[in-house]
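Hi,

Here is the structure I promised to pass on. Have a look at it first, and then read my notes below.

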Amino acid sequence: MCGINGIVAYHSASSAPEEAELLATRDAMRARGPDGSGAWWSADRHCGLGHRRLSIIDLSERASQPMTSDDGRFVVVFNGEIYNYPQLRTELETDGARFRTTSDTEALLHLYARHGAEMVHRLRGMFAFAIWDQARRGLFLARDPYGIKPLYTANDGWTFRFASQVKALLAGGHISRDPEPAGIVGFHLFGSVPEPFTLYRDIRALPAGHTQWVDAAGPREPKPFSNLAEVLAKGATNPAPAAEIPERVRVGVLDSVRAHLLADVEVGIFLSAGVDSGALLGCMRDAGQRAIRAITLAFEEFRGTSEDEAPLAARTCEFYGAHHVVRRLSKQEFFEDLPAILEAMDQPSIDGVNTWFVSKVAKEAGLKVALSGLGGDELLGGYPSFLDLPRWRRQFGLFAAVPGFGLLARTLIGAVAPGFSHARPKVLGLLEHSSSWAGSYLLRRGLFLPHELPEIMDPDIAREGLRRLKPLRRLAASLMPDPSSDVARVCVLESAHYMRNQLLRDADWVGMAHSLEIRVPLVDFTLLRALAPAIPALTPGAGKAALAKAPTVPLPDEIVTRAKTGFNVPTGEWMNAAIGGGSDSVGDALEAKGLVSRRWSRAVLNGMASASAQPQVHAS
Amino acid sequence: MNPSPTMFAVVTDALGGHGGIAQYNRDFLRALADVGAVSSITILPRQAPDVFVMPERIRQTPARRGRIVYSIAALRRALFRPVDLVFCGHLFMAPLAALIARLKGAKLIVQAHGVEAWPRPSRLQRAALESADLVLCVSRYTRAAVLSWATIAPERVLVVSNTVEKAFTPGDGSTTRAVLGVENKRVLLTVGRMDSRQRYKGQDRVITAIPYIVAQGHDVEYLVVGEGGDRARLEALARDAGVSERVRFLGAIGLQSLIEIYRMADLFVMPSTGEGFGIAFLEAMASGTPALGLDVAGARDALADGELGTAVSEAEIPVTIARLLAQPKPDPGALAAAVQGRFGRETFAAGVRTALNRLIEGT
């Protein structure tokens with residue numbers, strides 16, 4: 001992980017950017033890269049690039065950034081890891097390239113010189129980078145297909161700016177904090193701000209799997225180079241039988257884990273008592289890593305109870321011969337860290353708390369890199385949504401498809417039983433939204449539903465935000481082309497929205513805050529391509545069962561069996577306490593959890609707003 | 001798209017028109033024709049009161065004032081001729097331009113100038129602008145305002161700043177000073193309409209600053225060029241402030257006189273709150289006279305964030321005028337060259353070409 005930023009004063013009327021701005025943005029990302037920093041300016045000083053370094057591959061000074069090509073034409077700043085760097089280097093050297101470092105960053109320069117924008121198709125990894133082309137006087141930006149690494153841009157019509165973080169761009173002092181209604185509404189709908197929007201109108205994310213070119217006319221519209229739905233749709237044209245699933249998962253996951261171990265520093269792992277991280281640990285062993293430190297977060301409240309993950313994680317460690325680091329989190333520590341969490345949060349999120357603490361422990365243990373099982377549920381059908389969405393569509397879709405039916409039902413029930421409407425808004429939402437995949441997904445992941453927004457925020461902002469965000473259209477667009485099976489559709493929806501905008505973004509800012517690179521072998525485009533033909537054949541539990549058997553020595557049955565029932569974490573209750581407890585009378589635990597999340601989301605937004613005295617987000 | 005497209009321009013005024021919008025439309029369309037970016041341009045204006053010379057590759061049809069008459073004429077003219085590009089010179093005309101573009105399968109460019117594009121427009125106008133392939137704004141401020149109400153990819157909204165006529169150059173202003181009888185005075189100048197409804201140009205802010213400036217030891221004379229219904233109020237304001245003898249209203253003047261007046265002034269000051277850009281700032285500085293404005297809206301662009309001129313808050317205007325008058329007038333040649341470098345006609349033409357290339361290539 002590193003922090004990158006840059007300023008291009010592209011317009012003929014614009015002034016050369018100030019050095020102080022470049023450095024202020026760069027150094028607002030100090031935690032992303034504590035090992036070094038650099039800055040580069042073009043001869044006319046109309047392009048400046050900044051970099052903060054967390055050294056992981058080629059720890060020497062010669063691999064510092066911004067890095068310039070031998071001929072001086074290209075200059076790159078890069079955040080991420082290129083896992084197929086060794087193969088790329090071999091290919092490039094065969095083609096005549098001469099390397100002066102052993103860093104994957106240098107490979108980007110050689111690849112761009114040879115293949116231009118098409119280079120992105122050769123990269124396996126997580127990446128966000130920018131390459132300034134002195135000859136064409138333009139800037140090329142790219143972001144990985146899943147959106148693991150962040151990249152935010154701002155364009156005022158004269159000057160283009162980019163950085164790894166929203167708050168870093170603001171720290172430069174030249175970007176408006178005017179609110180973006182679509183970002184605010186998106187946060188209330190989903191619990192995270194859906195890209196490309198942010199809370200600020202002038203700052204946007206370069207969408208995952210896109211490149212962008214900036215020249216004398218400013219930035220062009222981002223151009224897609226990869227698409228999850230397309231990979232799965234293509235996979236469905238050559239379907240693999242269910243019997244092939246275990247072998248495909250075994251080969252694919254082992255290959256991904258092996259690739260993700262590329263580093264010149266120790267690679268550890270976040271270990272829960274679940275299948276995903278346990279299987280990754282087994283695969284690390286199969287990939288040849290001998291000394292492995294596994295970090296487990298446990299909770300004081302659960303010590304000695306069946307909810308305690310630590311004993312089972314310890315069993316997995318013992319099984320695979322890893323060194324186990326267990327850290328027990330108390331409610332007090334949660335409260336102590338809460339201000340720091342809100343401070344580090346780049347964009348509002350209702351999650352990330354558990355990752356915060358496990359990252360903190362990894363840092364305390366001296367790790368710079370840790371693998372995480374994030375993405376297993378999206379890839380292998382582990383969420384309830386894989387069952388719920390198809391079921392809702394079958395059971396309620398026909399009603400919801402009748403124009404006006406859902407609205408009528410909501411209005412009538414709201415008049416007759418307002419308490420029910422208030423406590424179970426999503427039950428009513430079934431009659432309104434379940435006719436489409438997008439609508440069903442909004443119901444599944446939505447914190448609030450669109451019709452509720454005018455009650456909890458400025459109604460004008462709610463209306464304008466919905467108009468700009470177009471949430472249903474946006475969700476539906478991610479399913480183009482049609483992935484062709486229910487499992488694949490849900491896989492795409494969960495991966496392109498919840499995982500991208502929430503889980504991966506949280507992993508980034510949380511890891512960043514602890515100068516820790518979190519790697520996610522189950523979020524890997526090569527793995528997705530390998531599994532795509534088999535994904536339509538996944539039945540409930542089959543994916544995770546196959547993953548448990550991916551290591552040469554499969555995960556013990558006791559772990560697989562226990563993991564199926566799931567574990568609780570007390571952080572939800574702590575959050576509820578942090579915001580003053582809830583008075584809502586709710587029916588069941590699921591609804592209660594939802595209502596806590598709703599209140600928590602508003603507390604987070606207000607907390608972030610008051611922390612910076614900006615922006616005016618108008619949440620009531 | 002055809003690499004040498006034909007353009008149909010729907011404008012309020014262009015050739016033979018008055019004011020900043022006509023000026024911009026004229027500059028833009030001429031630049032397009034000059035750089036060979038289009039094979040021909042047909043302009044249909046709502047008004048064209050002045051005589052004009054028709055540039056090469058451009059033809060302008062007779063003006064049609066009435067909205068309905070204009071719309072019918074525009075549709076008739078566009079429907080029976082090849083049109084690859086539709087240029088809409090004013091947001092109010094965007095629905096008509098969008099309709100023509102749609103009917104012809106042509107690409108649409110909408111131009112946003114200033115105050116007309118700052119507040120949220122009607123739904124029809126907004127939808128028309130959102131359908132544009134390219135939106136050009138004269139300043140960063142206008143661009144930000146458009147993006148605050150329009151749902152359109154921000155990459156389609158470009159800034160093509162105003163430019164300045166080549167005729168505005170530095171020169172000796174002593175004769176004009178003698179003619180006006182201000183040889184030994186420090187001369188402040190504002191050029192702008194005195195609109196009785198909008199009242200944003202800021203002449204009143206300068207008038208009320210005069211007692212302070214005089215108290216600082218400057219024997220100042222304030223020249224106000226332009227006409228409009230607000231003149232009587234400004235005259236009364238000068239009387240009330242006891243500075244009538246220091247404020248002179250010159251009304252509308254011809255181009256050559258304007259150039260001479262710009263050259264001889266010590267400071268051009270226009271503390272306007274409503275500039276889409278503020279061409280007058282460029283004209284003054286191209287004539288070698290330093291310029292002062294408010295650090296708001298499009299004036300920031302014309303003053304290049306303080307690098308060409310001076311941009312301050314309203315409260316700082318009196319102090320800043322006094323400070324600038326206390327300094328010797330900067331090298332007029334260097335100031336003019338800096339203005340031409342950023343906003344000169346060559347730079348403008350290159351910007352127009354770049355913008356059109358973006359459209360032709362597809363954003």
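A word on conventions before the tour. This is a predicted model, so local features need pLDDT of at least 70 and side-chain atom pairs count only at pLDDT 80 or more, while totals for chains, interfaces and linings use all residues. Residues are numbered from 1 along each chain as its sequence is written, and chains are lettered from A and ligands numbered from 1 in the order in which they are written.

Let's start with helix 21 of chain A, residues 486–513. Helices here are DSSP runs of H or I with at least four residues, strands are runs of E with at least two, and both are numbered from the N terminus. Helix 21 of chain A has 28 residues and spans 37 Å from first C-alpha to last, close to the expected 40 Å (1.5 Å times one less than the number of residues). There is a bend of about 60° at A:Met499, taken as the angle between axes fitted to the seven residues ending there and the seven starting there. Of the 28 residues in helix 21 of chain A, 27 are buried (20 or more other C-beta atoms within 10 Å of its own; 12 or fewer is exposed, in between is partly exposed, and C-beta atoms are placed from the backbone). Just after this helix, A:Ser515 has a positive phi of about 50°.

Helix 21 of chain A also packs against helix 11 (residues 353–364) of chain A: their axes come within 9 Å and cross at roughly 35°. Axes are lines fitted to C-alpha atoms, for helices over the stretch in contact, with angles from 0 to 180 degrees between N-to-C directions. The crossing of these two helices is right-handed (near helix turned clockwise from the far one by less than a right angle; anticlockwise is left-handed). On the helix 11 side, A:Thr355, A:Trp356 and A:Ser359 meet A:Asp506, A:Ala507, A:Val510 and A:Gly511 of helix 21, where contact puts backbone-placed C-beta atoms within 7 Å.

Another pair is helix 2 (residues 85–94) and helix 3 (residues 104–115) of chain A, with axes 10 Å apart at an angle of about 45°. Helix 2 and helix 3 of chain A are therefore oblique to each other (under 35 degrees is roughly parallel, over 145 roughly antiparallel, 65 to 115 roughly perpendicular, the rest oblique). Their crossing is left-handed. Residues meeting there include A:Tyr85 and A:Leu88 from helix 2, and A:Asp104 and A:Ala107 from helix 3.

Most residues other than glycine have a negative phi, and most peptide bonds are trans. A:Glu195 and A:Pro196 are joined by a cis peptide bond with omega about 10°, and A:Pro196 sits in the loop between helix 5 and strand 10 of chain A. The bond from A:Met480 to A:Pro481 is cis too, with omega near -5°; A:Pro481 lies in the loop between helix 20 and helix 21 of chain A.

As for phi, A:Asp58 has a positive value of about 55°, and A:Arg137 one near 50°. A:Asp58 is partly exposed, with 18 other C-beta atoms within 10 Å, and A:Arg137 is partly exposed with 16.

Over in chain B, B:Glu346 belongs to helix 14 (residues 345–361). B:Glu346 and B:Arg123 are 223 residues apart in sequence and 37 Å apart in space, C-alpha to C-alpha.

Cheers

Terms used. Contact = placed C-beta atoms within 7 Å.
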